[in-house]
Amino acid sequence: MRLMSEANFKIIFRGSAVDDGEIDVRDLAPALLALGDVFQAASDVLNGDRVKTVVRVKATDHACFEVDLSVAQTVKDAVTSLLAFSTENKDAIAAAKELAELILMTGGGMAGFGGGLFGLLKFLKGRKPDRVEQRGGEIHVHIGDKYFVTNPKTIDLAENVNVREGARKFASVLRNSGIDSIATKQQGEPEEVFTKADLPSFELPPPVEEELVDEVRQMNLQIISLSFKDDNKWRVTDGAEPFSAAIEDSEFLKQVANSEISFAKGDYLVCEVRERQMSTGQGLKKERTIVKVLRHRPADRQLKLI
């Protein structure tokens, strides 16, 4: 693999834990590993698997604890000419410098300046934007009468779970005693400082559920166990896997409560069942609800000879 591009930046830790120019490796290592994850996940979003991205630590002789880092990209596929590769993919590859800007750039909130991922998260403070507008090549993210200027690629990063999880782990070093702030700094740019107050900004929002299926169909359900708790979830089976289902049929529940209906082993219910399938951040989820019990069919008590 050949080196394609490289960009340099700094991470600065401040607080009583680093006053003597040293830092506990248990504070430093998770933060740097998480930052490496952020850059690789961001590269995966923008470049796919064509580019390998690593964050490297450089030696520094500063008295306070300041880490010099570089983000380096290498081309995974063998190519005859790196120049030819860059020319052919100039619109497709996010180079190391652009990647660093998309994650670390300050200056959001003013027209003409684009802020990066960390700045956007700090601006949002865990809130959903009131509105998002595209103006030319810029994206304006609004909260109340304030707005943050960024670009579509930064939005792509903010919506990626792997990128956001890496950012959350990076910021979590602020939870440690003696670490009051972390600052990121690119050459020629002001610092972007994050304090303990910014920790909620890096938390992942609850996963959004997308409804895939919502239908009502008739099913024959054999009773495994009954429930008289408030949620009225009964354990039933349709002949395949057992599942729990809430019963919404108040008339049927009233009959059961008044002992107007009794059950024995092998009994089953003919029901109208609402089945919902959702896509969540953790995968697919299915919920079943018994909307109406059409009839109760006792198990056969006798053998049929004819």
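In strand β5, H140 is the bridge partner of E133. Strands here are DSSP runs of E with at least two residues, helices are runs of H or I with at least four, and both are numbered from the N terminus. β4 and β5 (residues 138-143) pair in the antiparallel sense over five bridges. Two strands count as paired if DSSP finds at least two bridges between them.

This is a predicted model, where local features need pLDDT of at least 70, side-chain atom pairs count only at pLDDT 80 or more, and totals for chains, interfaces and linings use all residues. Residues are numbered from 1 along each chain as its sequence is written, and side-chain values use heavy atoms, with hydrogens and water left out.

Back to the sheet. It is open, has three strands in the order β4-β5-β6, and pairs them antiparallel. β4 (131-135) and β6 (146-150) stand at the edges with a single partner strand each, so one side of each has no neighbour in the sheet.

Next, the core. The largest nonpolar core has 50 residues. Such a core is a set of buried Ala, Val, Leu, Ile, Met, Phe, Trp, Tyr and Cys residues joined through side-chain atoms within 4.5 Å. Buried means under 20% relative accessible area, with a 1.4 Å probe and protein chains only. F13, F39 and F118 have the most contacts inside this core. Helix α1 gives the largest share, 10 residues.

Now the spaces. On a 1 Å grid over the protein atoms alone, a cavity is a set of points where a 1.4 Å probe fits but cannot get out; a pocket is an open set with protein on both sides within 12 Å along at least five of seven lines; lining residues have an atom within 4 Å of a point. Grid points are joined across faces, edges and corners, and a volume is the space filled by probe spheres set on the points.

| Space | Volume | Top contributor to lining |
|---|---|---|
| Largest cavity | about 40 Å³ | β7 (residues 181-186), three residues |
| Largest pocket | about 760 Å³ | α4, three residues |

The search of the whole structure finds one cavity of 30 Å³ or more. Its lining includes L104, T184 and E189. The pocket is lined by 25 residues, and A158, E159, R164, P205 and V208 are the closest to its centre. Its lining divides into 14 nonpolar, six polar and five charged residues. Here Ala, Val, Leu, Ile, Met, Phe, Trp, Tyr, Cys and Pro count as nonpolar, Asp, Glu, Lys and Arg as charged, and the others, Gly among them, as polar.
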